[in-house]
Amino acid sequence: MQYHDRVYGEVAIADPVVLELISDPAIQRLKGIDQAGYRPLWKSPDAYNTNEDFSRYSHSLGVFVLLRKYGASLEEQIAGLLHDVSHSAFSHCIDYALSHRSGAIQDHQDEYFLDYIQQTNIPNILTKHGYDPTYIFDEKNFPLLERPLPDLCADRIDYALRNAEAFEKDWPRERITELLQKLVVRDSRWIFTDVRAARVFAELFRHLNNTYFASFLGAVMLQTVGDYLAYALDKKYIIYDDLYTTDQIVLGKIKPHHDDDKRLTELFRRMNSREHVVHDPHEYDRAVVCKSRIVDPYCMRDGIAVKLSDVEPAWLPIVRQEMEPKKYFLKFT
């Protein structure tokens, strides 16, 4: 299989276990799950009318390719391919649709991972090819794939560069390639070969966090889509299992009820209109808490791997500030 990734370029995939996993319906389903959640609001109203692939599938393959290019074990590559398989439709919007969830954590996908993946054919595929599913499914075994914030990991590197390539005009693939050339793996850690590259990536990540991940429009998207899904669940227009289909299948099941349900129609309008909502901490309809992300990458200085904040102390208070959840107050006009 010859796969073209818009961030990393061409890669040949020949491992039988990987090919079988990629073709499995559980992985193929991710083609219908938007990486961000619901782009028409925070990106542009016609976001779904373009040919760009910004799905959980492309991110999952991207993490796999990144780990492969930097010499991770095949087990870690497989774990990277599978790490998002339990995402629901509309990604992290689900954390705002389920009443017991906290948007500041956004961990429903992680908590549901084992339950969901055991319902798929993935454990059988792994066993058939001689791999231990229990080992593959435990992210603690794979420090290149996942690390706690604010450390770098393959997941974080990929979604940052994928966002930059898709939405930032100043970040064409050539510039991303130059940055990747400054990235190495040593002692199971991602390290930039110089301080400048670490700073460039860290500042890019901060910009993406404040423009997309934890921005005001990001908060509006997460909450309004969450409200729409929660209402549809409450009215039984959809059931919980429907959330584990795709974005468009879920919308297709809900939309026929718009004509007879004014509240549902209003909630749909909210999640498609950025002009009718403002941030007002004094008079608001919804208080929204968003998970905020920041990185403090390792870089080489005088032959030693150190954190960016060790070299540039001014970065440390920025890290502490950006690690705190962001709160917004939505007033719908």
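**Labels and cut-offs**

Visitor: Why does Asp34 count as buried?

Guide: Its relative accessibility is 3%. Buried means under 20% relative accessible area, exposed over 50%, and partly exposed in between (1.4 Å probe, protein chains only). So Asp34 is buried.

Visitor: What should I know about the model itself?

Guide: It is predicted: local features need pLDDT of at least 70, side-chain atom pairs count only at pLDDT 80 or more, and totals for chains, interfaces and linings use all residues. Residues are numbered from 1 along each chain as its sequence is written, and side-chain values use heavy atoms, with hydrogens and water left out.

Visitor: What makes Arg39 and Asp34 a salt bridge?

Guide: Their closest N and O atoms are 2.6 Å apart. A salt bridge needs a side-chain nitrogen of Lys or Arg within 4 Å of a carboxyl oxygen of Asp or Glu. The pair therefore qualifies. Arg39 has a relative accessible area of 4%, so Arg39 is buried.

Visitor: How many salt bridges does the whole structure hold?

Guide: A search finds 17. One of them joins Lys128 and Glu20, with closest N and O atoms 3.1 Å apart. Lys128 sits in helix 8 (residues 122–128) and Glu20 in helix 1 (residues 16–23). The two are 108 residues apart, so this pair links distant parts of the chain. A helix here is a DSSP run of H or I with at least four residues, numbered from the N terminus.

Visitor: What does the salt bridge of Lys253 tie together?

Guide: Lys253 pairs with Asp242, the closest N and O atoms being 2.8 Å apart. Lys253 lies in helix 14 (residues 247–254), Asp242 in the loop between helix 13 (216–234) and helix 14. So the bridge ties together parts 11 residues apart in sequence. Lys253 is partly exposed at 37%, while Asp242 is buried at 10%. Elsewhere, salt bridges with shared partners join Asp5, Asp158 and Arg162 into one network.

**Helix pairs**

Visitor: Why is helix 10 called roughly perpendicular to helix 12?

Guide: The axes of helix 10 (residues 154–167) and helix 12 (residues 195–213) cross at roughly 70 degrees and come within 10 Å. Axes are lines fitted to C-alpha atoms, for helices over the stretch in contact, and angles run from 0 to 180 degrees between N-to-C directions. Under 35 degrees is roughly parallel, over 145 roughly antiparallel, 65 to 115 roughly perpendicular, and the rest oblique. Hence the label for helix 10 and helix 12.

Visitor: Which residues of helix 10 and helix 12 meet?

Guide: Among them are Ile157, Leu161 and Phe167 in helix 10 and Phe201, Leu204 and Leu208 in helix 12. Contact means heavy atoms within 4.5 Å. The contact residues divide into 12 nonpolar, 1 polar and 1 charged. Nonpolar covers Ala, Val, Leu, Ile, Met, Phe, Trp, Tyr, Cys and Pro; charged covers Asp, Glu, Lys and Arg; the others, Gly among them, are polar.

Visitor: How do you know how helix 1 is oriented to helix 5?

Guide: The axes of helix 1 and helix 5 (residues 74–82) cross at roughly 5 degrees and come within 11 Å. That makes the two roughly parallel. Val17, Val18, Leu21 and Ile22 of helix 1 meet Leu74, Ile78, Leu81 and Leu82 of helix 5. By class, this contact has 8 nonpolar, no polar and no charged residues.
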